[in-house]
Amino acid sequence: MRPAQQSYLEAAASCSGRVGPLLAALEGGGGAGGELAPFPGEGRTAERFAFLQRVAAEDVTAARVLEPHLDALAILHEAGVEPPRPGSTFGVFAAEAPGSVLRAAPAAGAAGDADAWVLYGVKPWCSLGARLTDALVTATTEGGDRRMFLVSLRQPGVTAEDTAWVARGLAEVQSGRLRFDGATARPVGDAGWYLDRPGFRWGAIGVAAAWWGGCLPFADALIAKAKRAGANQLAASRAGRVYRMLDAARAHLASAAAVIDGPGPGGDDAAAIAHAVRGTVADAVVETLAAVRDVLGPAALAFDESLARRYADLDLYVSQYHRGPDDVSLATHLPDGGPRW
């Protein structure tokens, strides 16, 4: 394990559902870019996933903060853009919502400067938008294209709107709206590049790696109860099922890492891999959470503060996976004539 990774694991262990320790570690600037976690597709993707898994095993909130930061660094690397400065903390805000439109236009009076743009409007679902220093955001250009931009969140033209964040899980990872009023920004990639690049799919698998890691303490608790003297068969059955599903998800993540580090599929193949891996992991997470509820019971969720917080955090985190729509999307990316197994 890299020294920088060890320091982040220690920060994650001290989070206990708080974002401060992990943000402080990032602001300290230790382990920038690929020094902290290898970039996807450069031969060490499995190590990248393993790091996210270990952080999530320590604290799900910490993983929820770190994963988009690492994704942003990978996006900038893929685009050939240098991060603005050491100690930056990043979000990636690409969600869309009715009534929330963010528009981008070349900056007035900046003729010949292709990097001078301004942003106007509202961006929804900006997790930690009030606490991060920088973000990658998608906006709609005057020609109607979606394009990604690098923007400092510490400038006067950016305001975090008040939000009624009542979530019990990821309680400090507030995901409200950011309002942009002439904020200066720099384009990252051409129009449409963010969604079309293979790295878009690999980042989505990184999220699944964090989900998987968040299950590990639950699996340990379930197995321990199943092996306890006098344990009933229900506990043993559920522990065995959880183990099988998590092991299948682990193998799927490992297989995906090897594929990412190979020649690198693109287009439909990349989309199909990402959807399949995310679905497999999400199913394992749902089964794990159900087993915790059924086997460990209300006493664990009511009186074990660490377990109850992890349950609420992971339950909200995995809700990012849209089971029906994502499987519909998977079907549209499958090859004619059946799977290529």
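Leu 128 is found in the loop between strands E3 and E4 (134-140). In this predicted model, Leu 128 has a positive phi of about 60° although it is not a glycine.

**Backbone with positive phi**

- Most residues other than glycine have a negative phi.
- Leu 128 counts as buried because its relative accessibility is 7%, and the cut-off for buried is under 20%.
- Leu 170 is also not a glycine, and has a positive phi of about 45°.
- The loop that holds Leu 170 runs between strand E6 (158-160) and strand E7 (175-188).
- With a relative accessibility of 4%, Leu 170 counts as buried.

**Helix H2**

- Helix H2 spans residues 20-27, and its buried residues are Pro 21, Leu 22, Leu 23, Ala 25 and Leu 26.
- Helix H1 (3-13) and helix H4 (60-79) are among the elements that cover these buried residues.

**Aromatic pairs and a charge over a ring**

- The count of aromatic pairs comes to five.
- One of the pairs is formed by Trp 211 and Tyr 317, which are edge-to-face, with 6.4 Å centre to centre and 90° between the planes.
- This pair links distant parts of the chain: Trp 211 belongs to helix H6 (residues 198-227) and Tyr 317 to helix H9 (residues 305-318), 106 residues apart.
- Trp 211 and Tyr 317 are both buried.
- Trp 211 also pairs with Tyr 321: the ring centres are 6.4 Å apart and the planes are at 75°, so this pair is edge-to-face, the class for planes over 60 degrees apart.
- Tyr 321 counts as buried at 7% relative accessibility.
- Through ring pairs, Trp 211, Tyr 317 and Tyr 321 are linked into a cluster.
- At Trp 193, the charged end of Arg 197 sits over the ring, 5.3 Å from the ring centre.

**Cavities**

- Two cavities of 30 Å³ or more are present in the structure.
- The largest cavity has a volume of about 50 Å³.
- Its lining consists of Arg 48, Phe 49, Leu 52, Glu 67, Leu 70, Asp 71, Trp 202, Gly 203 and Gly 206.
- At least two residues of this lining come from each of helix H3 (45-58), H4 and H6.
- By class, the lining of the largest cavity divides into four nonpolar, two polar and three charged residues.
- The second largest cavity has a volume of about 30 Å³.
- Ala 219, Leu 222, Ile 223, Ala 239, Val 242 and Tyr 243 line the second largest cavity.
- H6 and helix H7 (233-260) are the elements that give two or more residues to the lining of the second largest cavity.
- The lining of the second largest cavity has six nonpolar residues, with no polar and no charged residues.

**Largest pocket**

- The volume of the largest pocket is about 1200 Å³.
- The largest pocket is lined by 40 residues, and those closest to its centre are Arg 64, Val 92, Ala 95, Arg 278 and Gln 320.
- H4, strand E1 (90-93), strand E3 (117-127), helix H5 (193-196), H6, helix H8 (267-303) and H9 each supply at least two residues of the pocket lining.
- H6 gives the most to this lining, with six residues.
- By class, the lining of the largest pocket has 22 nonpolar, nine polar and nine charged residues.

**Helix H6 across topics**

- Helix H6 holds Trp 211, a member of the pair with Tyr 317.
- H6 supplies at least two residues of the lining of the largest cavity, gives two or more to the lining of the second largest cavity, and gives the most to the lining of the largest pocket.

Methods. Residues numbered from 1 in each chain as written. Predicted model: local features only at pLDDT ≥ 70, side-chain atom pairs only at ≥ 80, totals over all residues. Heavy atoms only, no water. Buried < 20%, exposed > 50% of the residue type's maximum accessible area, 1.4 Å probe, protein only. Helix = DSSP H or I, 4+ residues; strand = E, 2+ residues; numbered from the N terminus. Contact = heavy atoms within 4.5 Å. Phe/Tyr/Trp six-rings, centres within 6.5 Å; stacked < 30°, edge-to-face > 60°. Lys NZ or Arg CZ within 6 Å of the ring centre and 35° of its normal. 1 Å grid on protein atoms, 1.4 Å probe; cavity = no way out; pocket = protein on both sides within 12 Å on 5 of 7 lines; lining within 4 Å. Points joined across faces, edges and corners; volume = space filled by probe spheres on them. Nonpolar A, V, L, I, M, F, W, Y, C, P; charged D, E, K, R; others polar.
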